[in-house]
Amino acid sequence: METLLWQVEQLPGLLAVSRSGQVRDWDPPTLDRALQWGRYFQHLHGRFRAQPRLRAALGQRLRRGQQEPPLGFGHLGRCPELLGLALLGNRALPPAACHRLLRSLLLPPSGQATPGPCSLGLLARRRAAVQLLLPPPSPALARPEELELEPSLRTEAQLLLSRLQEDEEEEQGLAGVLEHLPGPRVYRVLAALLLEQAGDNAGREGASWAELREGPRLAAAVLSWLLGDPGRLSAFCRLLPGSLLVALSARYPQLGTPYLHLLTSWGSRLCYDPLRGQWASSRCPSEDELSWEELRERFSCFMRGPAPLREAALASLKNLKIQDGDFEVCGLSVWTDLLLEMEAPL
């Protein structure tokens, strides 16, 4: 019994540390241990709440801590949420530990009861969701080339997949969920979802992805949603880097041809500037236009991709070059110039 009382006496200190700068040294395993203590204290509350003498003893021991306002026995039952809220508000928590905390709050262990509409648990989940949806603090932390490795995107993709599974039985449920997602970050999240479902990051972050049985079918439905609207597809392809789109096209062949068609549409809007000796966008460029440098880089990604994609891109450029007159002189056809670039040693 004395060991139990001593353990409960540590709760005020644990909550104090969770609000302090000491958490800057926490890694995910340390965070997991803290959360396990929170669940242990919650278990004690459920075990002893019907025993008045033990409740009084535990409450008295809790009040020994320097906590303002003082803690009582009832706080044991809310310990995971109290700990989660304290950590969510602590900017010293490192990104990896914060990522693990968000997963814990938003994807609780199976069998855990859903929090009530006015519960502390619901507040903790909402705070976690708000923090998750905040934009990245710096572009350097979310470079497009490393999109598939960004932890917050992978977490959002997993949450989105779970939500889609919940709504898939409703008529138009999946489309309804996707229609109401905010852009443009939603396209990055969808890309992460598609990469995960294609096995791009298999074996990472545990086995939870493998347990989502309907993932491939939902990925196909997400692709159908993207391909079903030219505006959505254009925004998706315009926002994401060429290397990622080629990776997705290799895993989902139905995406490669529409993406190539978009590239040719964007390239056809370029005009040759003889004074500067280069291809330039229109005088009033729109969001759907690419610069010559961007167009060249995106086709270069196809050349570095799998053989079927590389051959499809080359065939497309050759056909477009023929349609433009099959010139071999630079500056007359953007497709001639691109072919010369693509056929040069990479």
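1. A crossing of two helices is called left-handed if the near helix is turned anticlockwise from the far one by less than a right angle, and right-handed if it is turned clockwise. By this rule, helices H16 and H18 make a right-handed crossing. The contact is made by Trp292, Leu295, Arg296, Phe299, Ser300 and Met303 on the side of H16, and by Val334, Trp335, Asp337, Leu338, Glu341 and Met342 on the side of H18; contact here means heavy atoms within 4.5 Å. Sorted by class, this contact has eight nonpolar, one polar and three charged residues. In that sorting, Ala, Val, Leu, Ile, Met, Phe, Trp, Tyr, Cys and Pro count as nonpolar, Asp, Glu, Lys and Arg as charged, and the others, Gly among them, as polar.

2. The model is predicted, so local features need pLDDT of at least 70 and side-chain atom pairs count only at pLDDT 80 or more, whereas totals for chains, interfaces and linings use all residues. Residues are numbered from 1 along each chain as its sequence is written, and side-chain values use heavy atoms, with hydrogens and water left out.

3. The overall composition is as follows. The protein chain has 18 helices and two strands, taken as DSSP runs numbered from the N terminus (helices: H or I, at least four residues; strands: E, at least two). Of its 346 residues, 44% count as buried. Buried means under 20% relative accessible area, exposed over 50%, and partly exposed in between (1.4 Å probe, protein chains only). Among contacts with a separation of 6 or more, 68% are between residues 24 or more positions apart.

4. The axes of H16 (residues 292-303) and H18 (residues 334-343) come within 10 Å and cross at roughly 50 degrees, which makes H16 oblique to H18. Axes are lines fitted to C-alpha atoms, for helices over the stretch in contact, and angles run from 0 to 180 degrees between N-to-C directions. Angles under 35 degrees count as roughly parallel, over 145 as roughly antiparallel, 65 to 115 as roughly perpendicular, and the rest as oblique.

5. H1 contributes Glu2, Leu4, Leu5, Trp6, Val8 and Glu9 to the contact, and H4 contributes Ala57, Leu58, Arg61 and Leu62. By class, the contact has seven nonpolar, no polar and three charged residues.

6. Six salt bridges are found in the whole structure, each being a side-chain nitrogen of Lys or Arg within 4 Å of a carboxyl oxygen of Asp or Glu. One of them joins Arg100 and Asp32, at 2.5 Å from N to O. Arg100 belongs to helix H7 (residues 95-106) and Asp32 to helix H3 (residues 28-48), so that this pair links distant parts of the chain, 68 residues apart. Arg100 is partly exposed at 25% relative accessibility, and Asp32 is partly exposed at 24%.

7. Another salt bridge pairs Arg296 with Glu341, with the closest N and O atoms 3.8 Å apart. Because Arg296 lies in H16 and Glu341 in H18, the pair ties together parts that are 45 residues apart in sequence. Arg296 has a relative accessible area of 27% and is partly exposed; Glu341, at 35%, is also partly exposed.

8. In a further salt bridge, Glu328 and Lys321 have their closest N and O atoms 2.8 Å apart. Glu328 is exposed at 56% relative accessibility, whereas Lys321 is buried at 8%. Shared partners join Lys321, Asp326 and Glu328 into one network of salt bridges. Asp326 is found in the loop between H17 and H18 and has a positive phi of about 60 degrees although it is not a glycine. Its relative accessible area of 39% makes Asp326 partly exposed.

9. In helix H14 (residues 242-251), the buried residues are Gly242, Leu244, Leu245, Val246, Leu248 and Ser249. Their cover includes helices H11 (185-197), H13 (230-239), H15 (253-267), H16 and H17 (307-323). His45, found in helix H3, is buried with a relative accessible area of 17%. Not counting residues up to four places away in sequence, His45 touches Phe73, Gly74, Leu76 and Gly77.
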